[in-house]
Amino acid sequence: MTSTIEAPRSPDSRSAKKSGVNWEKWGWIYMRVSGVVLIVLIFGHLFVNLMTGEGVSALNFAFVAGKFTDPFWMVWDIMMLWLALIHGGNGMRTLVNDYATSRISRGILKVAILVSVVSLITLGTLVVFTFDPCPAGAPADLVASFCKSL
């Protein structure tokens, strides 16, 4: 007959529950879900851009302009942008939590990550939604075929 010896517990250790949202758990779940979705988005992006049509030689301003006139590709690229930047920012936050030794350096680094992610998401989103496929004064051989010559 074997007996196990348990370490003494404080009276509150079993009943003590944290109140509020478990952000680490939701961050962990986000990383798994966004990783799977990003695989689909990235490989779809690579397939359409590199394998269909004329391949790499067709990638120019006109190709991008043609894609950004279609709402489907705008949403596709926005999803890829947002998911990738938030996924990367969350990964960097995890690294900072694991390896930054002082509370102040952790705080500074996490604020720098947040500022970087928010700035890049803002700039990338502005590019997608304000992109002009037919800029005035652009050479005709560089713009999309649907642009009228000025």
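Does N90 count as buried or exposed, and at what relative accessibility?

**View 1. N90 within helix α3 of the predicted model.** The residue shown here, N90, lies in helix α3, and because its relative accessibility is 12%, under the 20% limit for a buried residue, N90 counts as buried. Leaving aside residues up to four places away in sequence, N90 touches G27, Y30 and M31.

**View 2. Helix α1 packed with helix α3.** Helix α1, which covers residues 23–51, and helix α3, which covers residues 71–99, pack at an angle of about 140°, and their axes are 9 Å apart. The two helices, α1 and α3, are therefore oblique to each other, and their crossing is left-handed. Sorted by class, the residues in the contact of α1 with α3 are 16 nonpolar, 9 polar and 3 charged.

**View 3. The buried residues of helix α1.** Along α1, the buried residues are G27, M31, S34, G35, L38, L41, G44 and N49, and the buried residues of this helix pack against both α2, at residues 61–67, and α3.

Conventions: Residues are numbered from 1 along each chain as its sequence is written. This is a predicted model: local features need pLDDT of at least 70, side-chain atom pairs count only at pLDDT 80 or more; totals for chains, interfaces and linings use all residues. Side-chain values use heavy atoms; hydrogens and water are left out. Axes are lines fitted to C-alpha atoms, for helices over the stretch in contact, and angles run from 0 to 180 degrees between N-to-C directions. Helices (H or I, at least four residues) and strands (E, at least two) are DSSP runs, numbered from the N terminus. Angles under 35 degrees count as roughly parallel, over 145 as roughly antiparallel, 65 to 115 as roughly perpendicular and the rest as oblique. A crossing is left-handed if the near helix is turned anticlockwise from the far one by less than a right angle, and right-handed if clockwise. Ala, Val, Leu, Ile, Met, Phe, Trp, Tyr, Cys and Pro count as nonpolar, Asp, Glu, Lys and Arg as charged, and the others, Gly among them, as polar. Buried means under 20% relative accessible area, exposed over 50%, partly exposed in between (1.4 Å probe, protein chains only). Contact means heavy atoms within 4.5 Å.
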